[in-house]
Amino acid sequence: PIEAAQLAVFQKDSAVTAESFLRILLDLEDRGIAQWDAESLERINKSAAQADELFKQDQYQQAMLAYRELLGAVTELQNKLPIILEQQIKRAETAFNDGNAIQAQIAWKLVSQIQPEQSSHSIQLARAEQLPQVLSLIESALEADQQGNLTQAVADLKRAYNLDPEWPAARQQLDRLQKELANRNFNIAMSNGFDALTAKQYSEADQAFSQAAAIKPSNTAPTDGLQQVIIARKQALIASKQTSAETAVSDENWLQAATIFESILNLDDTLLFADAGLKLAQSRIEVQKRLTDLLANPASLQQDPMLADAKLLAIELSRLTPPRDRIQASLSQLTRLISVARIPIPVTIESNNRTNVSILRLGEQGRLGLINKQTLSLIPGRYVIIGKRRGYRDIRREITLTYGSPKPVVEVSCEEAI
């Protein structure tokens, strides 16, 4: 009975130990022991087969000892897992950094198998699986760069970077080529801007310099270019206005010329030609107005101050510098008006000998009294003749005497009784 009891104990201990051993062995197999220590696995499997055979032959004590030895072996391997994991991670990183995509994939798969609970290993495995495409895109980008196709090179590198932003070559090459592409596009935009500026294509120049500024915001050259566009536009506008002003001056359109010169000075008040042109135009406008007023109202020369002013104006007009054709044409009219301003014109006044007749502003000469008919000599101008008769409505006659017109006959008789 004692021997049977001992065998039973050995049998139970063997089974428990074997179960513990098997549980650890299966875990090691799940964690890829076949790849990282195939020799130990083979030796353990052989020893396990021998232990199983002893158990089947009811040699429980020897089986128990064998299982205990196996449990120790797998436990030792299990304890070595952190070291194995670290070695495999280094191997995977080395292969990845060397661009060996196949070895990197194998190594990261094994790392993921050893430590499946760590999600970062899956990320590294995904990077290794994308590595061939990343390397291919980088190679394509470098070829495009050598051929001078920076745009294609940058596009390929961007795709590579998007696949793996942490791949050093993708970042480094992308940074380098993006700078080169930016420099090239900047230089092209600046060149286009100056070409357009030279061709006086200001909208195109403005657009090109704005593009350059967008590429390199901290660079002051585009700002200088844009300022040159503003200056050139202003100069072109001034030149155009100057041409229009000169045409207006030539045509003696002084109002238009003054307006244009004022607009030029609003753009740049230091321009001497515009200042001089405005003063000339304003002076011509002033003398033209005086001349027009006199020609429109020749009777005003009846007054001595107005005649004196007309004579001064005639002298002033005769001394004008060209252009003066239009004014000169009117000057002859003014000169004639001045020459006849004091030549008397016969005026006949008829009445009924019962009306008291007088001409205003002529003093004693203008008090004609009761007349039937009387002829007077009056200088050109405006005159008011008044007729008065007791018991009758007053009568008023206004006449304008102009040299060369028919000799006037004026009837002044109060005939309407009150």
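Is D275 buried, partly exposed or exposed? D275 is partly exposed, at a relative accessible area of 31%; here buried means under 20%, exposed over 50%, and partly exposed in between (1.4 Å probe, protein chains only).

The close-ups below come from a predicted model, where local features need pLDDT of at least 70, side-chain atom pairs count only at pLDDT 80 or more, and totals for chains, interfaces and linings use all residues. Residues are numbered from 1 along each chain as its sequence is written, and side-chain values use heavy atoms, with hydrogens and water left out.

**View 1. K279 and D275 pair up in helix 13.** Their side chains form a salt bridge (a side-chain nitrogen of Lys or Arg within 4 Å of a carboxyl oxygen of Asp or Glu), at 3.3 Å from N to O. Because the two sit 4 residues apart in helix 13 (residues 272-296), about one helical turn separates them. Helices are DSSP runs of H or I with at least four residues, strands are E runs of at least two, and both are numbered from the N terminus. K279 is exposed, at 52%.

**View 2. E416 meets R393.** This salt bridge spans 3.5 Å, N to O. E416 lies in the segment after strand 7 (409-411) and R393 in the loop between strand 5 (381-388) and strand 6 (395-401), so the pair ties together parts 23 residues apart in sequence. E416 is partly exposed at 47%, and R393 is partly exposed at 48%.

**View 3. R31 bridges to D27.** Their closest N and O atoms are 3.1 Å apart. D27 is partly exposed, with a relative accessible area of 25%.

**View 4. Salt bridges can form a network.** Here E286, R290, D309 and E316 are linked. Across the structure, there are 18 salt bridges.
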